[in-house]
Amino acid sequence: MAVIRANGVALYYEIRGAGPSVVLVHGSWGDADCWERVAPGLAEQCTVVTYDRRGHSRSEEVLTQGSVHEDAADLAGLIEGLGLAPAFVAGTLYGAMATLRLAAARPALLRGIAVHEPPAVALMAADPDLRPAADEAVARVAPVRALLERGETAAAAELYVDTITLGPGAWARLPAPMRHTYIRNAPTFLDELRDPDAYDLDLAALGGFGETALLTQSDDGDSMSGSVLDIIDLALPKAERHLYEDAGREPHVVRPAEYVRVTLPYALR
C-alpha cells in the first residue's frame, strides 16, 4: 500500500501509467476506487494518480475538524511530494471544490483542470435570484446532517444515496463494499457541512488561473450545477464546457468511455 505524507497527513495513493501527470480527486463519501473505470484508459497516455482524501478509507483519519483549505493543501502536498507539477487535476463534486481552491491558491502547480458539478452553493446564495435554489439544496441535505449529528452513519449514508445522489432504492442495490465505504467515510461529510468555506469559492483569486478549465455537468445531474458553473465560467479566463447525457452525478462511473474521451485531450495539452 503506497502512502505519502503530504501537508502533515498520511495519504493513500495509487499510481499507474506513464506520460503527463494527471491527479484524480474523488468527492464526498467515496475514495480513490471511484476512478477504477477511467484510470486505466487515462493511464494509456498519462501518469495517473488516484488517492483517498484525508479521513477517507485508507488515508489517515484526523480527529480535528476538517476544511476545504486542508483538502486543497493536501492535494498540493501530494503533487509536490510525488514530483508531478505541473499536473492536470480532475475533481468531481466536493473533489471539484478542492481542485478549484488549489487553482486559485497555487496555480503554478497546475497545467489545467477538469471539474464536474462542484457544489458551490454559497455562490448561488449570494445572488438573490438564485438564493431560493440554494436554500432548497441545503434543505435537501438537512435530514442527512441530522442523522450524522446523532452518529447514525449507516442511516445517513442510506438516506443520502436514496434521496440525493442515486434515487429511491439505490442503497439496497449497491454492492456491500460500496455501502461499507459510504458508512466508513460518513463523518467526513459532516466535516464538510460544518466547514463555513466548504461550498464557497474566491472568484477573484480563481480569475488568476490562466490555464484551461474544463467545466462539466450532466443533464440529469444536480439541478443547481448549471447555475454554479455559469458563475465559475465567468470568473475563469479559459473555461470550456461539456454536457454529459444520462450520466448522473458520476460520469466517470456511468459513462467511463466518454469521460476518458472528453478529458484526455485536456490532460495531454
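Biologist: How many residues does helix α12 have, and how far does it reach from its first C-alpha to its last?
Modeller: Helix α12, residues 256–267, has twelve residues and reaches 15 Å, close to the 16 Å expected at 1.5 Å a residue (1.5 Å times one less than the number of residues). Helices are DSSP runs of H or I with at least four residues, strands runs of E with at least two, both numbered from the N terminus. This is a predicted model: local features need pLDDT of at least 70, side-chain atom pairs count only at pLDDT 80 or more, and totals for chains, interfaces and linings use all residues. Residues are numbered from 1 along each chain as its sequence is written, and side-chain values use heavy atoms, without hydrogens or water.
Biologist: Now strand β7: are its faces covered or open?
Modeller: Both are covered, with A213, L215 and Q217 buried on one side and L214, T216 and S218 on the other.
Biologist: Which strands pair with β7?
Modeller: Strand β6 (residues 110–116) pairs with β7 in the parallel sense over four bridges, where pairing needs at least two DSSP bridges. V115 has L215 in β7 as its bridge partner. Six bridges also join β7 to the parallel strand β8, residues 239–244, and there T216 partners H242.
Biologist: How many disulfides are there?
Modeller: The count is zero, taking a disulfide as two cysteine sulfur atoms within 2.5 Å. For C34, the nearest cysteine sulfur, that of C46, is 17 Å away.
Biologist: Why does C46 count as buried?
Modeller: Because its relative accessibility is 0%.

Conventions. Buried means under 20% relative accessible area, exposed over 50%, partly exposed in between (1.4 Å probe, protein chains only).
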